[in-house]
Amino acid sequence: MTGWVLDPTAHRAAVDRDTSRVQPEQPVVVTVDPLVVRDGVVSALVVVACLPPPASLVINGVLEILVGDDYWVPQGRNVLLHLLDEPVAQIRLSAPYSAGTWRARVRLGGVDATETDIDLTVTSVPEQPGLAPDED
């Protein structure tokens with residue numbers, strides 16, 4: 001899987017982070033495939049992995065498009081998923097395509113297996129999505 005990865009256990013990230021209050025003992029990895037356009041829709045697959053599995057985790061994701069120099073506007077529908085004792089989840093974010101610069105925003109909230117709070121928002125590196133491989 002390519003895209004961006006957030007690994008708080010290593011205290012590094014290849015993403016722009018808005019907030020991060022994840023303790024080092026909370027291994028959370030968020031991966032997003034590159035954005036693709038197919039049939040007039042831009043989409044990306046997001047995978048969230050937590051080991052050990054969290055007691056409860058809410059994942060909220062949405063695609064955003066850049067308007068002007070620094071204003072990100074949500075596009076499409078928010079995707080919401082609630083996990084209970086599950087180590088891995090995936091969601092597909094999608095929106096009607098418009099030319100421009102896009103990113104994914106994913107918010108995680110809940111408690112890990114030791115009842116420690118998880119509160120994290122990550123955004124992917126902005127990109128201009130390309131056509132899906134079968135449409136090139």
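Visitor: Which residues is L108 in contact with, leaving aside its neighbours within four places in sequence?
Guide: L108 is in contact with V28, V30, V48, L57, V58, I59, I118, D119 and L120, where contact means heavy atoms within 4.5 Å. This is a predicted model, in which local features need pLDDT of at least 70 and side-chain atom pairs count only at pLDDT 80 or more, while totals for chains, interfaces and linings use all residues. Residues are numbered from 1 along each chain as its sequence is written, and side-chain values use heavy atoms, with hydrogens and water left out.

Visitor: Which residues touch the most other members of the largest nonpolar core?
Guide: They are V46, V48, L57, I59, L63 and L108, in a core of 26 residues. Such a core is a set of buried Ala, Val, Leu, Ile, Met, Phe, Trp, Tyr and Cys residues joined through side-chain atoms within 4.5 Å; buried means under 20% relative accessible area with a 1.4 Å probe, protein chains only.

Visitor: And which strand gives the most to this core?
Guide: β6 does, with five residues. Strands here are DSSP runs of E, at least two residues, numbered from the N terminus.

Visitor: Changing topic, how do β7 and β8 pair?
Guide: β7 (residues 56-67) and β8 (residues 71-83) pair in the antiparallel sense over ten bridges; pairing requires that DSSP find at least two bridges. V58 has H82 in β8 as its bridge partner.

Visitor: What lies between them?
Guide: Three residues separate the two strands of this hairpin, and G68 in the turn has a positive phi of about 75°.

How values were computed. Helices (H or I, at least four residues) and strands (E, at least two) are DSSP runs, numbered from the N terminus. Buried means under 20% relative accessible area, exposed over 50%, partly exposed in between (1.4 Å probe, protein chains only).
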